[in-house]
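User: Please take me through this model one feature at a time, giving the general idea before each case.

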Amino acid sequence: MLTSHQSGPQTAAPAAPPAPRPRRDGGSQAGSVLAVGFPGPRMERVVQGLVSTGHEVRQAVPGQIGPQLQQAPPDAIVALGARQQGIEVVREVRAAPAGRALPLLVLSKDPAPSEVVDVLQHGADDCLPESADPFELAARIEAKRHRVPVPVESLLLDPRTGLYSRSHFLDELSKELGRPASGRKGGIVAVVAVAEMAALESRLGPRVRREVAERLAGVAEKIGSAWDRFGWDESGHLLILMPGVDEESARRGLQQFASAAAGTRFVVADENVRLTPAIGWQPLTAAPEDPELAVEQALDATAEALSHRDLRPVMYVPSMRGPRHRRHSGIRGVRALLNALSPLVVLLVGVGLPFLVYTQTYRLGFDLGSAMYWVVVAGLIVSALLIIVECLFSLDAPPRPSKPGQPYPPASAVIAAYLPNEAATIVDTVESFLALDYPNHLEVVLAYNTPHPLPVEDTLREMARRDPRLVLMEVQGSTSKAQNVNAAVTRVRGEFVGIFDADHHPAPDSFRRAWHWLSNGYEVVQGHCVIRNGDSSWVAQMVAVEFEAIYAVSHPGRTRLYDFGVFGGSNGFWRTDALARTRMHGSMLTEDIDSTMRALKEGTRFTVDRTLVSRELAPTNLTSLWNQRSRWAQGWLQVSLKHLWQALRSPVFTRRQKLGLLVLLGWRELQPWLTLQMLPVLGYAVWKEGGPADLDWAVPICLLAMMFTLSAGVIQAAFAWRLAIPELKRRRRWFWTYMLLTTVFYTHFKNILARHAALKEALGERQWRVTPRAAAAKAGERA
């Protein structure tokens, strides 16, 4: 590249130019110019002419203009080229964000009027002959640099972004809102903010606002949904107007846009970043006639979306503006009473009501109770058979690829923590992550929230000072693990990321093994969670064996049987791009299963590897276990209600996968209520026969079905022992105890939880009760 002091051969040099002429305002010409053209005598004459008039000159060849503009935008561009070459240069300059508003002059050997017209129509500011006097060229440059500026608000489109300015966007919105109600067919106005904007602006300056809005608009245009008009405001919000579209289509389009934007790596101010779009929207049919107020209401919804960072568009509701009203105390009281009486309510709904139906239909001439008897028997057999089939398929789970498909890339671990609950365990957890064996850079991101400062934070800061791989990320305002993970995913630098709870200690080679899957065609791999405090109580011991039945038997068996895996919330590894597109929804009590379903519907490939071990803490008493499993049961129900019907209708899933989803999300929820029908069916049989003494209790098929059902738990425990990791396999007594407990107690305990969770969901009770870990941590240390 020639500098401003280089010159060509003496034979090609023009006569020495006169001294630079002073500007009429007495100042000197000191603008920088990028001269574009191929090297040669013609280009050297242009450069020398520009230098002679006091300009600082850099050179670029066509096809390499963008990098020059990104490194240091000049004050003007002078391009040398004939008709088509000049037009190509104009297109290249105007395609670069930094070149959209720069003065651009094209020099041609002898431009005909038609050539001048073509060049100007394609975006040049001027076109003149190469032979033009250098000072005329300088004057034209200065005229365009110092022309009286037109306020952006007065322009229809912002020349820097190509978007409507805010005032003109409001004008367009006003036209739509001004249509008669009968002629206004749907439509929405939306505002898109970016969760990382404050951090970007503090690091890169206010110029990122317009760049971010422009990048987001580019993603929306590529999707090709029902987008109509885009604008932006000085805060960097992207404004979207979608007239004539129904609300559901608009919601789907906005969701698709959010996922696409979150899964894209953007270059903003020469930095590669991920963005988290937060979208608030307002239907035009419900919007006020004042366009300013309509946009402000959409902004209120955007603020709500920003607090979750889960990519879900949020529709404005009046409660978002002004003080939030607390739930009516009378309603709260009724819900609390029904929740406290849930066992009685479940018996009335699940036993009393069916018994009443069976007896009344019998009086009408229909023996529904006897038919239901066979349904219950068949249901018990099907449940047992599904367990046994999963066990058999778990024996031949696909082996982990022996070699990675690509070299080990940088990786990230995200530990999601609520520090008041995790204070006793978090330091040990972080130390275990910093000791992991991985052949490339492994950053450890602790994404946490805390309502007040804690002494353990000082310890963590000291650890981060000693080891820069540890990144502490306090997520202000977070109320869930999902929000912590969503905030961390835009910060991580690894090509793949492992997600962990704050009590997990992964095996040293876990990230190596995870990459073997992820580099061979999978986007998510779920590992094997192992309990490390089983000695602390009989509850923890039971959970330790149950986890072997889940992670060593059921998950691998289901994955092979139904051709899809499930992310279990912790010790799961995602390709970062897939996690960025999917995020987690904090409103779901099992945000991990919800994220699995949403990712599967997008075609994401999941698998399970029982050799990918991480050790965690189990609840140590029945109260903690009840709270934890109650949340799990209600969360599974939420996922079933939200996703099952959509999944069964989706063309993405094969018949085999749909069968698996029907079992996982449908039969799972039906089975606890079906087993409860044994009571009303038995009561009906006693009523019909005139008393228990007249009932034949020794029905062979019923006894066989009962024995087969009980054997399923025994078989699952045996397979859990067969496939358990060595440290637990030595604890044979634990497996015998679990075999007994699951038959006489634990299976019924989980069924009660499932029915209780259904009642809570019906009442709208979705409070997340955190499982305490302090006592468990001490027990785990003794183990």
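Analyst: Let us begin with a loop: arginine 309 lies between helix 10 (291-308) and strand 12 (314-315), where helices (H or I, at least four residues) and strands (E, at least two) are DSSP runs numbered from the N terminus. The model is predicted, so local features need pLDDT of at least 70 and side-chain atom pairs count only at pLDDT 80 or more, while totals for chains, interfaces and linings use all residues. Residues are numbered from 1 along each chain as its sequence is written, and side-chain values use heavy atoms, with hydrogens and water left out.

User: What is the phi of arginine 309, and which residue other than glycine has a phi near 75°?

Analyst: Most residues other than glycine have a negative phi. Arginine 309, although not a glycine, has a positive phi of about 55°, and leucine 311, which is found in the loop between helix 10 and strand 12, has a positive value near 75°.

User: Is leucine 311 buried or exposed?

Analyst: Buried means under 20% relative accessible area, exposed over 50%, and partly exposed in between (1.4 Å probe, protein chains only). Leucine 311 is buried, with a relative accessible area of 3%, whereas arginine 309, at 23%, is partly exposed.

User: What is the order of the strands in the open sheet?

Analyst: Strands of a sheet pair through backbone hydrogen bonds, either parallel or antiparallel; two strands count as paired if DSSP finds at least two bridges between them. Here the open sheet has 8 strands in the order 15-14-13-16-19-18-20-17, with mixed pairing. Strand 15 (470-474) and strand 17 (505-506) stand at the edges with a single partner strand each, so one side of each has no neighbour in the sheet. Strand 13 (residues 411-418) runs parallel to strand 16 (residues 496-501), joined by 6 bridges, and isoleucine 415 has phenylalanine 500 in strand 16 as its bridge partner.

User: Which residues lie closest to the centre of the second largest pocket?

Analyst: Rolling a probe the size of a water molecule over the atoms shows where empty space is left. On a 1 Å grid over the protein atoms alone, a pocket is an open set of points where a 1.4 Å probe fits, with protein on both sides within 12 Å along at least five of seven lines, and lining residues have an atom within 4 Å of a point. The second largest pocket holds about 1,000 Å³ of space, a volume being the space filled by probe spheres set on the points, which are joined across faces, edges and corners. Of its 25 lining residues, Gln255, Arg598, Lys601, Glu602 and Gln646 are the closest to its centre. Helix 9 gives the most to this lining, with 7 residues.
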